Structure formats: C-alpha cells, structure tokens
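Subject: Handover of a structure

Hello,

I am passing this structure on to you. Please open it first, then read the notes below it.

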Amino acid sequence: MRGTRAQTNTGRKEGVNLNKQQKQKKETTIDSYYSPNGTEGERSANDKPEIPANWIQAVEELKTQLREAEDNWEKNLKIKISHLETEALELKQENSVLKAKIIQLENEAKEMKDEAKEMKDEIKRMKDSLQRNSDQKEKDDQKAKDEIQSLRTRVKQLESSDLTRQQDTIRQNKKNEKIEENVKHLIHKTDNLENRSRRDNLRIIGIPEDHDKRKSLDIILEEIIQENCPEILEQEGKVEIERIHRSPPVFNPQLTTPRNVIAKFKNNQIKEQVLQAAKKKPFRYHGNTVRITQDLSASTLKDRKAWNMIFRKARELGLQPRIKYPSKLTIFLQGKVWSFN
C-alpha cells in the first residue's frame, strides 16, 4: 500500500513538470508572435497588422494574470511537493519502524520456536519420567502387596500361637504368685528369726561418741542404769552384759547424730526390767537424754518408722498409741483397742 502511494506521488511530480513546460512553450509562442523581432516562421514586423491598443492592454493583463497564476501554481506546487516529501519521509520512517518491528517479530518468533522446542523436549522428558515412575510404582505396589501378604501370614501364625502363650503366661503368673507368697513367707520368717535372735538385746540411742574414749560401753550402760533405775542394781547386784558394741561399727564423720549402742544381756529378765523402766520415764546420762528400745531387725525398724507421723498425731489426740511386736500400731478409741498392720 505504501509502495503504491509512493508511485502515485512520483507520477504527480512528472505531470506537474510536463504542464509547466507546455505553459512556458505557449507563452513563448505568444510573445514571439507579438514581438518585433520574431523568429523563423513568425510574422515580420512589416507584415504585422495593427492591433488595437485595448487588445494589447488586454494581452498584457492576461500575461500578468498568467504570471500570477503561474506563481500561485508554483507556490501551491511547492507546498504540495513539501507535503509529499514530508509524507515520503514519514513513510520512510514508518517503513523503518515496520522493518524494526518485523525484525523484532522475527526474533520473537525464533525465540518462541526455541521455547516451543524446549517445551517439547521437557514434555518428552516428563513423559519419560512419568513412565519410569509408573513402572516403579507398579513394582513398589507389587512389593507392598507381597509384604502385606507375608505380614498377614505371620499375623495368622502369631494368632494361632497366641492362645498357647496366654496359657503359658497364666501358668507362669500362678507360679510367680506362689513364688511371691513363698518369698513373703520366708522374709517374714527370716525377720521373725532375726528378731527372736535379738530378743536379749537393747538399743541405746543418744550416747555421745566421745564417751567411748574415756570409758568402755558396758561401764557406761551400768552407769545409765545406776542413774535412772538403781533399784535394778540393788535387786540383782550387777548387770551382766554378754556383748556390747556400736552400730554400724565404722564411724561416719558426716553423721550429726551418734551411733546406736547394741547391748546383749545374759539375763533376759534384767533386760525386760530395764526396758520397762525406760518406757515409764526418759533416761538421762550426764545431762543428755538417752532412749532405750528393743533391738529389732532392719526391716522391722523400717516398718515401725513408717508409723512415726501417725504415732505422734495419735499421741496429740490422746489416743494412747502403742507399737506392738513386730510393727503393729494400736490406739485406744471409744473404749476399744484398734490395731493396724
């Protein structure tokens, strides 16, 4: 379309030049006709007829009008040519822009073609990957099915043998219960035997450790009895001790309280008299309070110690608490004696 427009503008320029040449030729012919020195083929001055003055004036006016028309025509022609040149320049610029756009579109088309090729390759890779994943999934599914089947078989085997194990467990539990009962019985019997072996012993609590350096423990025990219950010595004459020692045998410097003293009497009656006297009133020795209790096994002492808090609370309430052998708590309430194991 733009090429056709450029051809049209060129044709216009050629037509304008042809018309201009024809007008110049025409004017030359008229001027030559009326000129006194005409060229060949024109009339001579002698042959020229007389022309009226008004004609000559009309011719001059006509020539003037022709020149003005020619000038106006030339001006208009120049303006048109300028417009045509401007349009041509604009067309040229538009053509350059179009060429640039065409090049850009060609580049974009090339890029799109490359991207399309890459996308095609990527789709192919994805398709291959999906196919591989699908194959792997089928293998995994088959493997899972095989494992599930194996697990089901094992579960059935376990279920079939579970009843046997339950029966074995029941029998074993019964055996364990019987063993526990036997162990408890043996422990109780052992504690009873140990307590009976200690029935001639008294445990003296509160004798300072430094007294051992000045006197032997049997003399200290005799002084305690002399100070707190001299009637026993007056009746018996002398307290015979088979064995006396501290427990534990090794002194621990970190302990803040002195070790207990264990004394075994040769005469059980004297031991009982001392124990009953100690229950009636607290014993003292050189200004220190001394407690005397029956010597018992470690497990029995632990069981008795568990009653300490309840024992103190019951004493505050006036319930007359007592701990009987081996570790039974008794209280007096509403005229009755209540026992707790």
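A word on terms before the pockets come up. A residue lines a pocket when it has an atom within 4 Å of one of the pocket's points. Please also keep in mind that this is a predicted model.

**The largest pocket**

The top contributor is α6, with seven residues. By type, the lining has 17 charged, 16 nonpolar and eight polar residues.

**The second largest pocket**

The second largest pocket has a volume of about 280 Å³. Its lining is made of 13 residues, with His188, Thr300, Asp303, Pro326 and Ser327 closest to the centre. Both α2 and α7 supply at least two residues each. Here α2 gives the most, with four. Seven of the lining residues are polar, three are nonpolar and three are charged.

**The annotated span**

UniProt, in an unreviewed entry, places the feature "domain: L1 transposable element dsRBD-like" at residues 298–337. In the model, that span is 42% helix and 28% strand. Its end C-alpha atoms lie 27 Å apart.

**Salt bridges**

How many salt bridges does the structure hold? There are 12.

Start with Glu122 and Arg125. Their closest N and O atoms are 2.3 Å apart. Both sit in helix α2 (residues 53–197), three residues apart, so about one helical turn separates them. Glu122 is partly exposed, at 34% relative accessibility. Arg125 is partly exposed too, at 47%.

Helix α2 also holds the pair Asp141 and Lys137. Their side chains form a salt bridge, at 3.1 Å from N to O. These two are four residues apart in the helix, which means a separation of about one helical turn. Asp141 has a relative accessible area of 32%, so Asp141 counts as partly exposed.

Is Lys271 buried or exposed? Lys271 is buried, with a relative accessible area of 1%. The cut-off for buried is under 20%.

Salt bridges link Glu194, Arg198, Arg203 and Asp295.

**Backbone details**

Which peptide bond is cis? The bond from Ser247 to Pro248 is, with omega near 0°. Pro248 is in the loop between β2 (241–247) and β3 (260–265).

His286 is not a glycine, yet it has a positive phi of about 50°. His286 is in the loop between β4 (283–285) and β5. At 53% relative accessibility, His286 counts as exposed, given that exposed means over 50%.

Gln320 also has a positive phi of about 50°, and Gln320 is not a glycine either. The loop between α8 and β6 holds Gln320. At 49% relative accessibility, Gln320 counts as partly exposed.

**Where to look first**

After that, turn to the second largest pocket, with His188 among the residues closest to its centre. Then follow helix α2 for the pairs Glu122 and Arg125 and Asp141 and Lys137. End with the loops that hold Pro248, His286 and Gln320.

Best wishes

Methods
Residues are numbered from 1 along each chain as its sequence is written. This is a predicted model: local features need pLDDT of at least 70, side-chain atom pairs count only at pLDDT 80 or more; totals for chains, interfaces and linings use all residues. Side-chain values use heavy atoms; hydrogens and water are left out. A salt bridge is a side-chain nitrogen of Lys or Arg within 4 Å of a carboxyl oxygen of Asp or Glu. Buried means under 20% relative accessible area, exposed over 50%, partly exposed in between (1.4 Å probe, protein chains only). UniProt positions are given in the numbering used here, feature names are shortened, and annotations may be inferred rather than shown by experiment. Ala, Val, Leu, Ile, Met, Phe, Trp, Tyr, Cys and Pro count as nonpolar, Asp, Glu, Lys and Arg as charged, and the others, Gly among them, as polar. On a 1 Å grid over the protein atoms alone, a cavity is a set of points where a 1.4 Å probe fits but cannot get out, and a pocket is an open set with protein on both sides within 12 Å along at least five of seven lines; lining residues have an atom within 4 Å of a point. Grid points are joined across faces, edges and corners, and a volume is the space filled by probe spheres set on the points.
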